[in-house]
Amino acid sequence: MGVALILFLLSQVSPTFNLRAVDTPNDAGGSITLTWEIPEGLEHIDRLEIYRSESPEGPFEKIKTYLSPVTRFEDMGLKNGKDYFYKVVITSGGETIESEIAGPVISRPQWFHKGRVTILFGVLIYTLILLYFILSAKKGKELYLRPIAGLKALDEAIGRATEMGKPILYVPGLSTISDVATIASINILSHVTRKIAEYETKIIVPNRNPVVYTVTREVVKEAFTSAGRPDLFDPDSVFYVTDSQFGYAAAVSGIMIREKTATNLFLGMFWAESLILAETGASTGAIQIAGTDAVTQLPFFITACDYTLIGEELYAASAYLSKEPVLRATLKGQDAMKFLLGLLLILGSAFGLFGITWFQKLF
Amino acid sequence: MLQRKIPLFIVFLMGFLMTVQFYIPHPVSQTLYKYVLDWMNGVASMAIVLAVGSLIMHHWRRLKKPEFALYSAVTLVSLFFMAILGFFFGIREGSLFQKMFENVQIPLQATMFSLLAFYMASAAYRAFRARNLEATLLLLSAFILMIGIIPLGYYIHPRISDFALWILNVPNLAAKRGIMIGVGLGMMATSLKIILGIERNWLGG
Amino acid sequence: MKIIRILSTLDRRIIFLLVGLGILIPLLKPLGIPENITPPVRDVYQFIDTLPPGSAILLSVDYDASVLPEVHPMFLSILRHAMLRKVKVIGIALNPAGVGLGVQAFDRISKEFGKKYGEDYVYLGFKPNMAATMLGLGEEIHKVFPTDYYGIPLDSLPMMKEIHSYRDIALVISFSGANIPALWVSYAYSRYGQKVAAGVTAVMAADYYPFLQTGQFIGMLGGMKGAAEYEDLVNRLLQKKGYRKPMPFAIKGMDSITVVHLLIILFIILGNLGYFLQKKEVK
């Protein structure tokens, strides 16, 4: 009875769908987004159909059927620059209710992603801050750097391996070359190799990723050359092991035990194998320095290694070791940006506490 | 000198293009992105050839050293055995390759993974010491978490498991986010240094 | 004093042996410690429990054999629960090494409840390119998977006639030991508003708690503990309905974990006693 009454009323008053069709924003084109409202009083729907046409007179072609009261649809695979018209038809208890026709609407590709304005803004500010510090370093401004224990110990660790006549193991993480942690590790590898060239120690670099292998090999070779000791490069010292995560962990554990490495460096991206590597190293009595931005693995390294570079310290390491003022200046830039972000976080939280939301909406 | 300049120029160009690409949804930029991804796949495939070559050569040379010969022989035999199985008899379900994978490779991987439980116990025993206030706090939260996460904790006191979850969700997450912000900034600075050619250590110094 | 000194300088092999026994003995002789149910697990259970019969859920096999002990029991329990509640189940696999595990699970549980393939459940198998698959399911499942795992056209399966996209699926549950549940949030939840839950390993669970806080997951089963809790809930329901209780796999595993946790706590206490003793002697 109730449904019949509602339907009667609906047939008397033209129901409002508020159907809106717009070019889908921030996309590569070929897509139109429809939004509408389910007419008031309609409690139950049997079927909701969406129709499309290239002219307001039709013919309209059915493009989608839903069995639930959906209010949004993205029509994809359309031609750019062409007029399209839409309507929505709801079937409820044998009655059909049609929406007004929406259109013409044209789909176009966009040249700028408006949803990423905040990111762009942030990146620009950060870049400017970094450039400012780089330029001031070029002018010869002295910068103080907090000592990082793990990096200070690097020389000592290499020296100890030399004294003992044992090799140094360098694990550049288990990730791919697209991971910035791997690149940071490769930068450190270059410093370590040059230091090793001075001491004439042996280095072993096992790799999990084929691309990383080709890069580490080149880096080690180049570093020996730039240190003036190309003769020290042993092609057998940098090699590929396996792509299997735990296969790699097994192989590296084996190397630590058989080669009795005196110093183990684990720098880069690590997953669950971190403790297996670090504990095996600890059991052989090697000096171990680890560094990773994998937050979950940090506790394992801290427990089982002598020194651990935490998160951003891994990225700072190359600048720290190079002693080049320009590289070091970027660390100051990082600190300035961190201060700015901290300020924004405090402001955002404070505004949020007082129920002011416009500030959060900026992001 | 040119040997240095060419890679630096390529890095600068690609770094700049890919940064700009991120902000452009237009098909032109999408095509460029797909093109770069295809190139990456190509480079990676070639790298696999080099990598497997290095693996074979490395172990081949080691066969001559008695202390390593056995391990290298096992590696080489397994490598060629699986490759021959795959190439000549297929890798479909039910094939010998699949059976070897399921009954040898998977249990071996699971064994390595399960070593974690043993190593965690020995690492905790060796290194978890109440040396100072911070270490004691760490120790206490570890206790609460370890008890709170097992059913026994709940029966000791129902609030213990809530407290354990609170430790995970509040102090733990706050610290994690702090580290992540630093990591994010570090990543960006490293990328920028490489794109601008300030950092050249990845070229070997 | 001497005993403490010996106990605080145990050789690691003795620790390994004790941990090994601590895992093995409860597996052979379960202690039967009852489970307490945590809110994230209860949320998933209640969501499925209150679904009207005939609704559909999608279970995604995003794990492989390396995390089988933790994740597979979750998959089996949720599948049992859904079938018991007459909820239709669609299975897919986004991890190629997990396809076989899905087949095994569906075969086993459907037999337990006498469910019919194509009417009560379907298994669509593996599809490469996760992001494209997740997005495609929001548009038209029949396009992403024209045929099921066995090569039968989807249009000819009675159950799939009414199921075309996320709109017809009440819940997606991703079972994984990696970051795939986060991708489900990015593509299915953010883009299509699809409700998502996850069953993940204990190591990954710590990373996923923020998703629960923000409501991006309706609930989560974390590690062996989550699996044991769900198993316990489903076992109770089975008993109520007069079914035979299945093997409590995760519950047994949880007994082992309980013992090992207590052992580790004991080791830490012993280590510290030795440390303080040594410090006192030095003074």
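One definition before the walk-through: two residues are in contact if their C-beta atoms, placed from the backbone, lie within 7 Å. What you see is a predicted model.

With that cut-off, take P158(C). Leaving out neighbours within four places in sequence, P158(C) has contacts with G118(C) and E119(C). The separation between the C-alpha atoms of P158(C) and G118(C) is 6.0 Å, although the two are 40 residues apart along the chain. P158(C) belongs to the loop between α7 (141–144) and β4 (171–176) of chain C. Is P158(C) buried or exposed? Exposed, because the count of C-beta neighbours inside 10 Å is 11, and a residue is called exposed at 12 or fewer.

Next, the sheets of chain A. One is an open sheet of six strands, in the order β11-β10-β9-β12-β13-β14, and the pairing is parallel. At its edges are β11 (238–240) and β14 (307–310) of chain A; each has a single partner strand, so each has one side without a neighbour in the sheet. From one strand to the next, the twist averages 15°.

Inside that order, look at β12 of chain A, residues 263–267. All five of its five residues are buried, so β12(A) is largely enclosed by the rest of the structure. As a rule, side chains in a regular strand alternate between the two faces of the sheet. Here T263(A), L265(A) and L267(A) point one way, N264(A) and F266(A) point the other way, and all are buried.

What does β12(A) pair with? Strand β9 of chain A, residues 168–171, runs parallel to β12(A) and is joined to it by four bridges. I168(A) has T263(A) as its bridge partner in β12(A). Strand β13 of chain A, residues 287–292, is also parallel to β12(A), with five bridges between them.

Helix α5(A) lies across β10 (203–207) and β11 of chain A, and runs at about 160° to β10(A).

The other sheet I want to show in chain A is an open one of three strands, ordered β1-β2-β5, and its pairing is antiparallel. Its edge strands are β1 (20–23) and β5 (72–76) of chain A; a single partner strand each, so one side of each is left without a neighbour in the sheet. The twist here averages 20° from one strand to the next. Four bridges hold the antiparallel pair of β1(A) and β2(A), the latter being residues 31–35. Among the paired residues, A21(A) has L34(A) as its bridge partner in β2(A).

In general, nonpolar side chains in soluble globular proteins tend to be buried together. The largest core in this model has 193 residues, and the members touching the most others are A278(A), I57(C) and L79(C). Helix α4 of chain A, residues 180–199, gives this core its largest share, ten residues. Beyond four places in sequence, L79(C) is in contact with L59(C), V89(C), A105(C) and I109(C). Another core lies apart from the largest one; it has 14 residues, including I32(A), F73(A), V88(A) and A102(A).

Last, the interfaces. Between chains B and A, 52 residues of chain B are in contact with 65 residues of chain A. On the chain B side, α2 (27–62), α3 (66–89), α4 (96–127) and α7 (158–195) each supply at least two residues. Which of the helices gives the most to that side? It is α7(B), with 16 residues. By class, the chain B side has 35 nonpolar, 13 polar and four charged residues.

How values were computed: Residues are numbered from 1 along each chain as its sequence is written. Chains are lettered from A and ligands numbered from 1 in the order in which they are written. This is a predicted model: local features need pLDDT of at least 70, side-chain atom pairs count only at pLDDT 80 or more; totals for chains, interfaces and linings use all residues. Two strands pair if DSSP finds at least two bridges between them. Axes are lines fitted to C-alpha atoms, for helices over the stretch in contact, and angles run from 0 to 180 degrees between N-to-C directions. A residue is buried if 20 or more other C-beta atoms lie within 10 Å of its own, exposed if 12 or fewer, and partly exposed in between; C-beta atoms are placed from the backbone. Ala, Val, Leu, Ile, Met, Phe, Trp, Tyr, Cys and Pro count as nonpolar, Asp, Glu, Lys and Arg as charged, and the others, Gly among them, as polar. A nonpolar core is a set of buried Ala, Val, Leu, Ile, Met, Phe, Trp, Tyr and Cys residues joined through C-beta atoms within 7 Å.
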